[in-house]
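This briefing covers one structure, grouped by topic. The sequence and the model come first, followed by the points to check against them.

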Amino acid sequence: MTIVRTDKDASARTMTFVAEFDAPVDRLWQLWEDPQKLERWWGPPGYPATFSEFEFAPGGRVLYRMVGDEDGERLDGHLVFHSIEEPREIVYTDVFVPSEGGEGEPDNRTIVTFESTEHGSRMTLVCTFDSDEAFEGAREFGAFEGFIACISQIDDLLSPSKGIS
């Protein structure tokens, strides 16, 4: 499995995910900067993501929707990129939009770092929630397990025989 370490820290209101891949950082970076590639792993299995807007730049915004394959449950959200330092770091805020509409409230600020390893690359995501309530809501919603499920799909995408070039 890709995931080598995870951590939930309620006192710091953080969820951390560390994953290693048998591919160089530039190939891993492509999975973030290209919307068609990001769609292939952003939603967990059974909740594929689609993007209606995608601006991968500081200040840029991504609008996304995940729809459950079996029940049709819809989850809308958007990302706002604060900084992008290719190929080392991405900082964004993730906002889930209520099903009744509206802008939603910032849920978490995520810092994604990329580094080369002896056998490929490592990606670390640290999600910091704005409040105890946001952290607890994400935990109850299954965000921790959802992140693991999403990240676990990346190995196949990086495989030369199945994934991206």
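In this predicted model, helix H4 is largely enclosed by the rest of the structure, because 7 of its 9 residues are buried. The buried residues of H4 are Ala143, Phe144, Gly146, Phe147, Ile148, Cys150 and Ile151. H4 also gives the most to the lining of the largest pocket, with 4 residues.

**Helix H4 and Lys8**

- Phe144 is one of the buried residues of H4, and the charged end of Lys8 sits over the Phe144 ring.
- The distance from the charged end of Lys8 to the centre of that ring is 4.6 Å.

**The largest pocket**

- The largest pocket holds about 400 Å³ of space.
- It is lined by 20 residues, and Pro44, Met66, Phe141, Ala143 and Gly146 are the closest to its centre.
- Two or more lining residues come from each of helix H2 (35–42), strand S4, strand S6 (89–97), strand S7 (105–117), helix H3 (132–141) and helix H4 (143–151).
- By residue class, the lining divides into 14 nonpolar, 3 polar and 3 charged.

**Aromatic pairs and the cluster**

- The whole structure contains 17 aromatic pairs.
- One of these joins Trp29 and Phe56, whose ring centres are 5.9 Å apart; the planes meet at 70°, so the pair counts as edge-to-face, the cut-off for that class being over 60 degrees.
- Trp29 belongs to helix H1 (residues 25–33), whereas Phe56 lies in the loop between strand S3 (49–54) and strand S4 (61–67).
- The pair therefore ties together parts that are 27 residues apart in sequence.
- Trp29 has a relative accessible area of 1%, so it is buried, the limit being under 20%.
- Trp29 and Phe56 both belong to one aromatic cluster, which also takes in Trp32, Trp41, Trp42, Phe51, Phe54, Tyr64, Phe81, Tyr92 and Phe114.

- Leu31 is buried, with a relative accessible area of 0%.
- Between Leu31 and Ala138 there are 107 residues of separation in sequence, and the C-alpha to C-alpha distance is 24 Å.

Notes:
Residues are numbered from 1 along each chain as its sequence is written. This is a predicted model: local features need pLDDT of at least 70, side-chain atom pairs count only at pLDDT 80 or more; totals for chains, interfaces and linings use all residues. Side-chain values use heavy atoms; hydrogens and water are left out. Rings of Phe, Tyr and Trp (its six-membered ring) pair if their centres lie within 6.5 Å; planes under 30 degrees apart count as stacked, over 60 as edge-to-face and the rest as tilted. Buried means under 20% relative accessible area, exposed over 50%, partly exposed in between (1.4 Å probe, protein chains only). A charge sits over a ring if NZ of Lys or CZ of Arg is within 6 Å of the ring centre and within 35 degrees of the ring normal. On a 1 Å grid over the protein atoms alone, a cavity is a set of points where a 1.4 Å probe fits but cannot get out, and a pocket is an open set with protein on both sides within 12 Å along at least five of seven lines; lining residues have an atom within 4 Å of a point. Grid points are joined across faces, edges and corners, and a volume is the space filled by probe spheres set on the points. Ala, Val, Leu, Ile, Met, Phe, Trp, Tyr, Cys and Pro count as nonpolar, Asp, Glu, Lys and Arg as charged, and the others, Gly among them, as polar.
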